[in-house]
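Me: I have a structure to go through with you. Can we talk about its charged side chains?

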Protein chains: 2
Amino acid sequence: MTPIITAFERSPDGGKGLARDTRVRWALEEAGLAYEVRPVSFAAMKEPAHLAVHPFGQIPTYEEGDLVLFESGAIIFHIASHHAGLLPDEANARARAITWMFAALNTVEPPILDLVTVKFVEADRPWSKDRMPLVVDRIRHRLRQLAARLGSVEWLDGDFSAGDLLMVSVLLRLKPSGMLDEFPGLAAYVARGEARPAYQRAFAAQLAFNTARPTG
Amino acid sequence: MTPIITAFERSPDGGKGLARDTRVRWALEEAGLAYEVRPVSFAAMKEPAHLAVHPFGQIPTYEEGDLVLFESGAIIFHIASHHAGLLPDEANARARAITWMFAALNTVEPPILDLVTVKFVEADRPWSKDRMPLVVDRIRHRLRQLAARLGSVEWLDGDFSAGDLLMVSVLLRLKPSGMLDEFPGLAAYVARGEARPAYQRAFAAQLAFNTARPTG
């Protein structure tokens with residue numbers, strides 16, 4: 001049963017790979033799974049048909065026979081639970097890798113997403129410029145802690161895991177800001193993630209998806 | 001092996017149950033597990049000993065023999081994976097319950113936490129008052145979608161699960177704001193969560209912890 005995921009019909013980033021379908025594509029590639037992609041327009045995301053699949057009207061979703069999932073973290077966990085290569089077998093190592101999945105999404109990504117709020121969502125507000133340094137400082141605080149934990153090892157806890165996949169995906173959002181360059185250890189960690197063949201295939205697939213088709 | 005969790009030596013909310021140890025206490029109570037609590041002061045949270053357990057210097061953490069975890073979502077998932085009562089056995093239902101865990105933490109909680117930013121962290125900034133309606137609107141948007149999905153059922157997907165435990169915990173943060181009252185279905189859902197004996201025991205335990213001991 002080939003899983004079907006949804007993606008933006010046209011990603012707002014134009015194919016930079018920052019939309020959340022890229023994370024799921026990456027996990028599918030690491031697991032060696034074929035998949036199909038169903039594009040969803042911004043208008044269709046607010047329609048009952050899509051809200052029945054994703055109650056918050058977002059992408060990606062994941063359909064595999066009777067199973068319908070949303071939330072990229074949950075989709076990646078599902079893939080990792082059923083295929084080798086994304087979570088260790090040993091129980092304690094597995095629990096720690098799952099911890100890094102939650103840490104990426106709940107502790108590291110929220111301050112990074114606030115950069116989107118201040119730069120784009122609230123860009124035209126009078127406080128936008130003055131608020132920026134506060135937002136950047138909160139990100140820097142998290143990056144400093146993450147860099148300290150990572151140290152000079154290759155991945156967060158032993159072999160590459162779904163925890164690294166999500167952490168690298170979250171950190172990639174910072175690339176346009178240049179902030180990663182302040183933390184060479186983290187920049188090298190992100191580069192190791194990007195160098196993985198599975199990431200390369202996922203990135204190429206989303207780029208082709210976002211640029212190759214005629215605009216509908 | 002009795003697990004040991006960490007909690008604020010004195011919670012900033014003075015025992016209202018909004019610190020994240022309450023969620024973990026609740027999960028432990030649902031699973032019928034005894035546990036110990038180690039208090040951590042704000043000063044100690046920044047020290048190497050605590051950072052070795054929690055790289056981002058927060059609470060709660062979870063120690064069970066050799067296993068050391070952080071991130072309340074990951075801790076609750078670990079408890080739910082090893083004990084009955086928090087995740088369904090059937091594979092698809094289980095994947096959907098896990099989806100609600102991620103949805104609570106990644107889609108519903110971040111806009112709610114922005115209320116803490118605007119009301120407390122940035123309270124003395126000149127934009128605080130003008131920014132508030134934007135933050136509140138973003139929360140309301142999510143609540144509207146969540147209320148639509150919940151409809152008139154008791155829990156988000158079948159029986160009570162760790163997904164409901166986290167969603168109710170996240171929504172409880174809104175209680176002081178009065179915003180839940182705009183969504184009677186969600187207010188009733190939260191009340192059903194609070195009425196569970198396991199929640200009652202967890203709440204009472206954190207209240208006693210935060211009020212009964214002399215200040216150190």
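Reply: Start with a definition: a salt bridge is a side-chain nitrogen of Lys or Arg within 4 Å of a carboxyl oxygen of Asp or Glu. This model is predicted. Here Arg20(A), Arg23(A), Glu109(A) and Arg173(A) are joined in a network of such bridges.

Me: How many salt bridges are found over all chains?

Reply: The search covers the whole structure. The total over all chains is 32.

Me: Which residue of chain B meets Glu122(A) in a salt bridge?

Reply: Glu122(A) lies in the loop between α5 (91-121) and α6 (128-150) of chain A. The pair crosses between chains, ending in helix α5 (residues 128-150) of chain B. N and O are 2.6 Å apart, and the partner is Arg138(B).

Me: Is Glu122(A) buried or exposed?

Reply: Buried means under 20% relative accessible area. Glu122(A) has 0%, so Glu122(A) is buried.

Me: What separates Arg140(B) and Asp137(B) in helix α5 of chain B?

Reply: These two form a salt bridge, with the closest N and O atoms 3.3 Å apart. They are 3 residues apart in the helix, so the separation is about one helical turn.

Me: What is the relative accessibility of Asp124(A)?

Reply: The side chain of Asp124(A) meets that of Arg125(A) in a salt bridge, 3.8 Å from N to O. Arg125(A) counts as partly exposed at 36%. Asp124(A) counts as exposed, and its value is 67%.

Conventions. Residues are numbered from 1 along each chain as its sequence is written. Chains are lettered from A and ligands numbered from 1 in the order in which they are written. This is a predicted model: local features need pLDDT of at least 70, side-chain atom pairs count only at pLDDT 80 or more; totals for chains, interfaces and linings use all residues. Side-chain values use heavy atoms; hydrogens and water are left out. Helices (H or I, at least four residues) and strands (E, at least two) are DSSP runs, numbered from the N terminus. Buried means under 20% relative accessible area, exposed over 50%, partly exposed in between (1.4 Å probe, protein chains only).
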